[in-house]
Amino acid sequence: MEFIDLKQQYRRYQAAIDTRVHQVLEHAHFIMGPEIAELETALARYVGVKHAITVASGTDSLEIALRALGVGPGDEVLTVAFTWISTAEVIGLVGAKPVFVDIEPATFNLNLDLVEAAITPRTKALLPVSLFGQMPDYERLNAIAARHGLPVIEDGAQSFGATQQGRRSCGVTLIGSTSFFPAKPLGCYGDGGALFTNDDALAEKMKAIRTHGGLKRHHHPLLGMNGRFDTIQAAVLLAKLPHFEWECRNGAYRGALY
Ligand SMILES: Cc1ncc(COP(=O)(O)O)c(C=O)c1O
């Protein structure tokens, strides 16, 4: 049984995808073309937050979130070991230490009973994962984080489209992060990801880090990266997004739970 049938999915949306992609080939604004802003507006509306910032991958998005929060050497970030490598990898990449909190057997997600005991004076952020489309109890986790003055980043790479108490994954914490890897819930045809927040200052900072640390040409006040999302991939997602709710409800194109 195939994990996800991307060929069948493409055939269903082929006309819209081809049209959108050809528009990019014609206008030739391949880097940060108009499809990027159009997609970011649509994604922010879908998640129900003020800002969506598309990026080159779900790994870059996590790293950008940590950098924007000033996480660095000497800091600890609470997360889980039962996830894709990126979640812990990015903590190491910014020079901080991942502190693994155990998961609970029913959901494979962070065990919220164990979080508070793992917090130390060095803890700088919480990075829970919403694994296999299931979200930990974010109301409770946000309350724990607030008690300790800590920011929460949801790694929603596997849960885009999921909801909890009427709120969508990626819109339930200070920063939400997702991936558009082809097999992810909303997949493009290459690598991609996005960040979500209601915080204006953080949004500006994350946009700047995505683009070599600056928003004005040749001004680079921050240490950044080339983390931009590809315009052709944005065109693919603009064609697919209108069908995403239907896909989530019907488990479309998926051979099995992933
Ligand atoms: C939980 C989790 N976090 C992060 C990532 C990283 O996303 P990407 O492959 O787009 O870098 C993935 C998927 O690969 C993932 O499953």
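Which residues are closest to the ligand? I started there, keeping in mind that this is a predicted model.

**Entry: the ligand**

I found 15 residues surrounding the ligand. The closest are Gly58, Thr59, Trp84, Ala157 and Ser179. Next I looked up which elements give two or more residues to this shell: they are helix H3 (58–68) and helix H4 (86–93). I then sorted the shell by residue type. Nine residues are polar, four are nonpolar and two are charged.

**Entry: two helices**

Two packed helices are described by the angle between their axes and the distance between the axes. I looked up both values for helix H2 (residues 34–47) and helix H8 (residues 231–240). The angle is about 40 degrees, and the axes lie 8 Å apart. Angles under 35 degrees would count as roughly parallel. H2 and H8 are therefore oblique to each other. Their crossing is left-handed.

I listed the contact next. H2 brings Glu35, Ile36, Glu38, Leu39 and Ala42. H8 brings Thr231, Ala234, Ala235, Leu237 and Leu238. Of the residues in this contact, seven are nonpolar, two are charged and one is polar.

**Entry: a sheet**

Strands of a sheet pair through backbone hydrogen bonds, either parallel or antiparallel. Which pairing does the open sheet of three strands have? I found parallel pairing, with the strand order E3-E2-E4. Strand E3 (97–100) and strand E4 (123–126) are the edge strands, and each pairs on one side only. Neighbouring strands of this sheet are turned by 30 degrees against each other on average, direction ignored.

I followed one pair further. Strand E2 (residues 76–79) is joined to E3 by four bridges. Thr79 stands opposite Phe100 in E3.

Conventions. Residues numbered from 1 in each chain as written. Predicted model: local features only at pLDDT ≥ 70, side-chain atom pairs only at ≥ 80, totals over all residues. Near = placed C-beta within 6 Å. Nonpolar A, V, L, I, M, F, W, Y, C, P; charged D, E, K, R; others polar. Axes fitted to C-alpha atoms, helices over the stretch in contact; angles between N-to-C directions. Parallel < 35°, antiparallel > 145°, perpendicular 65-115°, else oblique. Left-handed = near helix turned anticlockwise from the far one by under 90°. Contact = placed C-beta atoms within 7 Å. Pairing = 2+ DSSP bridges.
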